[in-house]
Amino acid sequence: MTQKFDSLPAEIQKKQYGEMVKEVKPPPPVIRNVFWAFVVGGLVSVIGQLFFNIFQNWGLGRLEAGAAMSSTLVFLAALFTGVGLYDEIAKVGGAGTIVPITGFANSMVAPAMEYRSEGLVLGVGARLFTVAGPVLVFGIVTAWIIGLLYYFFR
Amino acid sequence: MAAPKKNGQQTVWFQNQPVILATATIVGPKEGQGPLAQTFDKVAGDNYYGEQTWEKAERRMLMEVMQTAVQRAGLTPQSFDCMLAGDLLNQIISANFVARDLGIPFLGLYGACSTMYESMAVGAMLIDGGFADYVLVGSSSHYATAERQYRYPTEQGTQRPLHNTWTVTGAAAMVLARQGQGPRITHATIGKVLDLGQGDPMDMPSAMAPAAADTIARHLLDTSRNPDYYDLFVTGDLGVYGRELAIKLLKQKGYDIAGRYIDCGAIIYSPEQDTHAGGSGCACVAVVTCGHLLQEMKAGRLKRFFGVATGALLSPTTTQQGETIPAIAHGVVIEA
């Protein structure tokens with residue numbers, strides 16, 4: 001009773017099965033995800049702008065207000081991560097929470113919280129940058145390359 | 001000449017059918033809010049279960065179910081000839097450390113989420129082969145320990161895909177004996193590792209469904225039985241979508257089990273709990289088998305079932321290196 005499927009060559013079995021999986025697997029709700037990413041990401045930016053305006057009102061110059069605003073957002077993201085709220089928001093917001101500076105803060109606080117049990121040095125210290133590390137590496141390398149290109153092709 | 005207790009290619013039958021004397025289960029709060037809440041012996045208040053780390057919590061859960069099952073069988077740890085256990089953590093530390101504290105001769109096993117049934121199969125062989133009077137079998141898993149090992153830190157803001165399954169927090173243990181009253185293990189089918197090219201670590205059911213279908217089909221062939229011989233077919237953690245895949249694959253092989261088939265991962269959580277595709281982890285099939293299924297058997301609503309636990313045999317390293325996910329499924333027949 002072993003049917004034709006089992007006697008097909010492996011590559012064809014894999015391909016046919018892959019198609020079966022595609023049929024059964026639920027597609028990601030792209031429109032819903034995009035909508036909420038836009039709304040949540042936009043809200044984060046609006047909140048940032050609000051803080052920026054507030055700091056300017058308090059007499060800070062443009063650059064200082066910008067720095068203060070970034071620090072505040074990072075602080076809030078870290079706080080939300082610490083109390084377990086950030087991942088609830090990210091579940092809905094998706095890319096809207098990951099992309100801004102808030103996502104970066106969350107990606108550092110999350111492993112820091114998690115690896116307490118492995119100690120301060122090899123646990124928290126080493127793991128702080130597990131997710132943020134690549135961001136730094138590739139960001140800095142890209143900046144360096146662009147700088148080089150700018151220098152030669154200015 | 002074939003080995004005397006072998007049926008076909010991958011199935012063995014037991015002459016002196018091992019008896020399931022007692023079981024014990026414990027789950028985390030999420031599972032304790034699910035549809036099977038009443039079937040678990042104990043529900044932990046939170047995922048730390050009074051311990052400093054999640055790993056310690058998982059160990060404590062496994063230890064407690066082992067001790068409870070031993071007590072319920074009217075035995076002590078010294079009565080046991082062998083302990084078979086495993087879990088998802090690197091080097092199966094949950095099982096190792098519990099074995100240390102119980103002091104029973106120990107064979108650690110790893111079959112990912114199929115470990116419980118792998119342990120039952122081997123335990124049954126030890127008893128039927130005359131190598132043991134009493135065997136203690138168990139497995140555990142924990143949402144947080146699995147996430148931090150296989151995926152992301154738990155507070156990381158990630159969006160889980162709809163086909164993702166949720167690792168069950170919990171543990172279960174079972175006492176197998178050469179003599180006594182209780183449901184019996186009559187056959188075991190040892191699975192082969194299958195890989196049909198699925199490589200998404202967030203979608204293990206797609207990788208495991210072919211192994212489940214293969215073991216079920218192989219078992220029916222080996223024993224020359226039709227699907228209607230069994231009241232129920234059970235898979236461990238294929239989840240909602242993996243279950244559909246298994247049904248389709250078995251149809252291709254000429255078997256229709258749709259009307260008598262449940263998946264533990266698909267029934268352990270309710271849709272309102274929003275786990276997406278259902279439950280996974282070693283504990284998933286373990287707590288449902290030792291709890292709900294054996295309770296149904298005791299109540300007379302289930303006479304014989306073929307349970308198949310599925311395991312995805314990947315590691316974080318193989319995924320990063322671009323490998324696909326090989327999977328295995330082990331099956332055991334339990335009759336009232």
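In this predicted model, B:Leu136 is in contact with B:Met66, B:Ala69, B:Val70, B:Phe80, B:Met83, B:Ile104, B:Ala173 and B:Val175, when residues up to four places away in sequence are left out of the count. B:Leu136 belongs to the largest nonpolar core, which comprises 121 residues, and together with B:Ala69, B:Val135, B:Ala172 and B:Val175 is listed as touching the most other members of that core. Because domain 1 (6-177) and domain 2 (184-335) of chain B both contribute residues to this core, the core lies between the two domains. In soluble globular proteins, nonpolar side chains tend to be buried together.

Strand pairing in chain B was examined around strand E3 (residues 19-27), which is mostly covered, with 8 of its 9 residues buried. E3(B) pairs with strand E9 (residues 170-177) of chain B in the antiparallel sense, over 8 bridges, and within this pairing B:Ile20 stands opposite B:Leu176 of E9(B). With strand E4 (residues 42-43) of chain B, by contrast, E3(B) pairs in the parallel sense, over 2 bridges, and here B:Ile26 is found opposite B:Lys42 of E4(B).

As regards confidence, chain B has a mean pLDDT of 96, and 100% of its residues reach 70 or more, while the model as a whole scores ipTM 0.87 and pTM 0.93.

Note on methods: Residues are numbered from 1 along each chain as its sequence is written. Chains are lettered from A and ligands numbered from 1 in the order in which they are written. This is a predicted model: local features need pLDDT of at least 70, side-chain atom pairs count only at pLDDT 80 or more; totals for chains, interfaces and linings use all residues. A residue is buried if 20 or more other C-beta atoms lie within 10 Å of its own, exposed if 12 or fewer, and partly exposed in between; C-beta atoms are placed from the backbone. Helices (H or I, at least four residues) and strands (E, at least two) are DSSP runs, numbered from the N terminus. Two strands pair if DSSP finds at least two bridges between them. pLDDT is the predictor's confidence in each residue, from 0 to 100. A nonpolar core is a set of buried Ala, Val, Leu, Ile, Met, Phe, Trp, Tyr and Cys residues joined through C-beta atoms within 7 Å. Domain bounds come from an automatic or database domain assignment. Two residues are in contact if their C-beta atoms, placed from the backbone, lie within 7 Å.
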